Amino acid sequence: MYRNLSSFGLIGLLPNFSSMDALVTIDLHDNSLTGSIPEFLGSFPNLKKLDLSHNRFNGTVPPSLSGKNLSLVGEVSGTQASCSSRC
């Protein structure tokens with residue numbers, strides 16, 4: 001399942017939607033999301049691509065996303081945090 005919420009006008013903290021566990025791609029780029037990248041994003045068993053670019057996230061990439069076979073694109077505190085193959 002693919003969820004594209006790019007340029008959707010989302011503002012603030014990202015709510016927990018971990019119950020949508022069939023997601024393969026999550027595209028949240030080009031919104032105004034803030035805060036740290038939520039730990040729950042690493043809980044999706046089938047997730048292959050996560051695009052968080054062009055938001056206002058800060059902090060570091062959470063451990064739950066480490067070691068996953070995942071394409072991650074995003075910015076954390078203005079620094080490009082991109083992983084391909086294994087994040």
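Guide: Gladly: strands here are DSSP runs of at least two residues, numbered from the N terminus, and with that in hand we can say that His54 lies in the loop between β5 (49–52) and β6. Please keep in mind throughout that this is a predicted model.

Visitor: Which strands form the open sheet, and in what order?

Guide: Three strands make up an open sheet, ordered β2-β4-β6, and their pairing is parallel. The edge strands, each of which pairs on one side only, are β2 (11–12) and β6 (56–58).

Visitor: What joins β2 to β4?

Guide: Two bridges join β2 to strand β4, residues 32–36, and these strands run parallel. On that side, Gly12 has Leu33 as its bridge partner in β4.

Visitor: And how many bridges join β4 to β6?

Guide: Three bridges join β4 to β6, again with the strands running parallel, and Ser36 stands opposite Asn58 in β6.

Visitor: I'm clicking on Gly35 now. Is it buried or exposed?

Guide: Gly35, which lies in strand β4, is buried, because its relative accessible area is 16% and buried means under 20%.

Visitor: What does Gly35 touch?

Guide: Not counting residues up to four places away in sequence, Gly35 touches Leu13, Arg56, Phe57 and Asn58. For Gly35 and Phe57, the separation is 22 residues in sequence, while their C-alpha atoms are 5.1 Å apart in space.

Visitor: Changing topic: which residues of the largest nonpolar core touch the most other members?

Guide: The largest nonpolar core has 17 residues, and those touching the most other members are Leu14, Phe17, Ile26, Leu41, Phe44, Leu50 and Leu52. As general background, nonpolar side chains tend to be buried together in soluble globular proteins.

Visitor: Take Leu14, then. What is it in contact with?

Guide: Once its neighbours within four places in sequence are left aside, Leu14 is in contact with Leu28, Leu33, Pro38, Phe40 and Leu41.

Visitor: Why do Phe40 and Phe44 count as buried?

Guide: Phe40 counts as buried because its relative accessibility is 13%, and Phe44 is buried because its relative accessible area is 0%; the cut-off for buried is under 20%.

Visitor: What does the side chain of Asn31 reach?

Guide: The side chain of Asn31 reaches the backbone oxygen of Leu5 at 2.9 Å, and also the backbone oxygen of His29 at 3.4 Å. Apart from neighbours within four places in sequence, the residues in contact with Asn31 are Leu5, Ser6, Ser7, Phe8, Gly9, Leu10, His54 and Asn55.

Visitor: Ser7 and His54 are both in that list. What phi does each have?

Guide: Ser7 has a positive phi of about 55 degrees although it is not a glycine, and His54, also not a glycine, has a positive phi of about 60 degrees. For context, most residues other than glycine have a negative phi.

Visitor: Where is Ser7 found?

Guide: Ser7 is found in the loop between β1 (2–4) and β2, whereas His54 lies in the loop between β5 and β6.

Visitor: Why do they count as partly exposed?

Guide: Partly exposed covers the range between the buried cut-off, under 20%, and the exposed cut-off, over 50%; Ser7 belongs there because its relative accessible area is 49%, and His54 because its relative accessibility is 47%.

Visitor: Last one, about the whole protein chain: what percentage of the residues is buried?

Guide: Buried residues make up 39% of the 87 residues in the protein chain. The accessible surface of the protein chain comes to about 4,700 Å², and 52% of that surface belongs to carbon and sulfur atoms.

Definitions and conventions
Residues are numbered from 1 along each chain as its sequence is written. This is a predicted model: local features need pLDDT of at least 70, side-chain atom pairs count only at pLDDT 80 or more; totals for chains, interfaces and linings use all residues. Side-chain values use heavy atoms; hydrogens and water are left out. Buried means under 20% relative accessible area, exposed over 50%, partly exposed in between (1.4 Å probe, protein chains only). Accessible areas come from the Shrake-Rupley method with a 1.4 Å probe; for residues, only the protein chains shown count as cover. Two strands pair if DSSP finds at least two bridges between them. Helices (H or I, at least four residues) and strands (E, at least two) are DSSP runs, numbered from the N terminus. A nonpolar core is a set of buried Ala, Val, Leu, Ile, Met, Phe, Trp, Tyr and Cys residues joined through side-chain atoms within 4.5 Å. Contact means heavy atoms within 4.5 Å. A polar contact is a pair of N or O atoms within 3.5 Å; within protein, one must be able to donate a hydrogen and the other to accept it, and residues adjacent in sequence count only if both atoms are side-chain atoms.
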